[in-house]
Amino acid sequence: MAPILQIEAAKKSYDDIQALDGVGFSVAAKEVVALLGPNGAGKSTLIRCITTLERLDSGNIRVNEVDVEKDPRAAREHLGYAGQESALDKVLTGLEFLRFQGGLVHLPKHEIVDRGRHLLERFGLTDAADRAIEGYSGGMKRRLDLAAAMMHRPKLLILDEPSSGLDYEARRELWQMLLELREEGTALLLATHDFEEADVLADRAVLMSHGKVAGVDTPDALRSGLGSWILSGMLHEHRVDGDRERLRDLFTEVPGVEMPPAPKSSEFAKAITPGREDIDGRPWSEWLRQHAQEKGVELVSVGMRRPTLQDAYLAATQSTVEVVV
Ligand code: ADP
């Protein structure tokens with residue numbers, strides 16, 4: 001089956017900023033793909049190009065096999081979009097807003113109200129259908145936005161930072177609804193800088209950095225690609241001159257991928273090469289503790305932890321940007 005979204009060698013620049021630098025990946029029918037990266041990675045630019053609001057400089061985007069630049073109108077019929085900035089008109093009621101939206105996407109008049117009511121029910125908004133949107137909570141507004149994006153039954157739903165600004169409960173509720181949409185047959189592409197969100201929702205994650213794709217895989221495969229353990233050692237805050245260099249030297253003996261340090265961090269870390277988790281039958285953590293002591297390097301902590309999706313992102317992009325939410 002052809003992918004519902006196919007992106008090939010997409011490039012786009014603004015003056016001297018290369019916002020997209022050869023992006024390529026696909027989204028299969030009924031798949032959830034997270035576009036993961038910090039601010040400035042190029043996610044919004046890509047979404048604007050997919051949703052036909054902007055044109056690529058070169059490359060190709062097809063939605064359900066329709067080239068978005070050759071036939072933007074046909075492409076738009078296959079996709080729904082719910083952005084960060086809610087487009088909701090505050091004076092309208094929930095149902096009025098969906099009726100308005102139904103008109104915009106050219107649904108037949110007789111279908112609009114039924115479809116609107118169905119979606120209000122679907123997203124838990126029936127009781128609020130006739131209330132003005134300005135009285136809705138953040139979570140309700142986000143759900144109404146989803147309902148609006150689903151009015152014309154798109155095969156692909158594109159979401160930009162779907163849960164930003166929502167409290168924990170509303171976030172969980174929204175995630176549940178997104179997973180249900182997937183179960184019902186909608187493919188989702190969601191741009192996020194939230195690793196937990198990507199981990200919970202995504203079948204596959206596209207790791208974006210500086211307009212490029214640094215990796216595409218399932219969250220599990222991305223994590224396990226780093227190995228089973230990350231070894232870390234953190235210097236004492238009152239470290240003496242040369243400690244940093246001595247610790248770095250010690251780490252060169254550990255086989256694995258160096259983890260980029262967080263800004264201002266005094267922690268060194270390496271994802272240990274699979275199959276080489278110990279040295280002479282001892283874990284690397286013991287080895288590090290002993291050798292640091294012998295060299296007079298004071299460590300406040302030595303740790304072995306399981307790699308996270310964030311670690312996979314940092315290792316793949318060697319990014320030093322703080323991407324923690
Ligand atoms: P993200 O959505 O991942 O935060 P963006 O796509 O917004 O990333 O931005 C990618 C890069 O392109 C950034 O360096 C940003 O400043 C630049 N950029 C995005 N849109 C414009 C624009 N309209 N004009 C100039 N530069 C832009």
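How many residues lie between E4 and E5 in their hairpin, and which residue in the turn has a positive phi? There are 2 residues between the two strands, and Asn64 has the positive phi, about 50°.

This is a predicted model: local features need pLDDT of at least 70, side-chain atom pairs count only at pLDDT 80 or more, and totals for chains, interfaces and linings use all residues. Residues are numbered from 1 along each chain as its sequence is written, and side-chain values use heavy atoms, with hydrogens and water left out.

View 1. Strand E4 covers residues 58–63, and strand E5 covers residues 66–67. Strands (E, at least two residues) and helices (H or I, at least four) are DSSP runs, numbered from the N terminus. E4 and E5 pair in the antiparallel sense over 2 bridges; strands pair if DSSP finds at least two bridges between them. Val63 has Val66 in E5 as its bridge partner.

**View 2. E1 beside E4.** Strand E1 (residues 5–14) also pairs with E4. The sense is antiparallel, with 5 bridges. Gln6 stands opposite Arg62 in E4.

**View 3. The shell around the ligand.** Residues around the ligand include Tyr14, Ile17, Pro38, Lys43 and Arg48. Strand E2 (17–27) and helix H1 (43–50) each supply at least two shell residues. H1 gives the most, with 4 residues. The shell divides into 5 nonpolar, 5 polar and 2 charged residues. Here Ala, Val, Leu, Ile, Met, Phe, Trp, Tyr, Cys and Pro count as nonpolar, Asp, Glu, Lys and Arg as charged, and the others, Gly among them, as polar.

View 4. A backbone N or O atom of Gly40 lies 2.6 Å from a ligand oxygen atom. For a backbone N or O atom of Gly42, the distance to a ligand oxygen is 3.0 Å. Ser44 places a polar side-chain atom 2.6 Å from an oxygen of the ligand. Taken alone, the ligand exposes 560 Å², and the protein buries 63% of that. These areas come from the Shrake-Rupley method with a 1.4 Å probe.

**View 5. Helix H11.** Buried means under 20% relative accessible area (1.4 Å probe, protein chains only). Among the buried residues are Leu309, Asp311, Tyr313 and Thr317. Gln318 follows H11 and has a positive phi, near 50°.

Notes. A residue is near a molecule or strand if one of its heavy atoms lies within 4 Å of it. A polar contact is a pair of N or O atoms within 3.5 Å; within protein, one must be able to donate a hydrogen and the other to accept it, and residues adjacent in sequence count only if both atoms are side-chain atoms. Buried means under 20% relative accessible area, exposed over 50%, partly exposed in between (1.4 Å probe, protein chains only).
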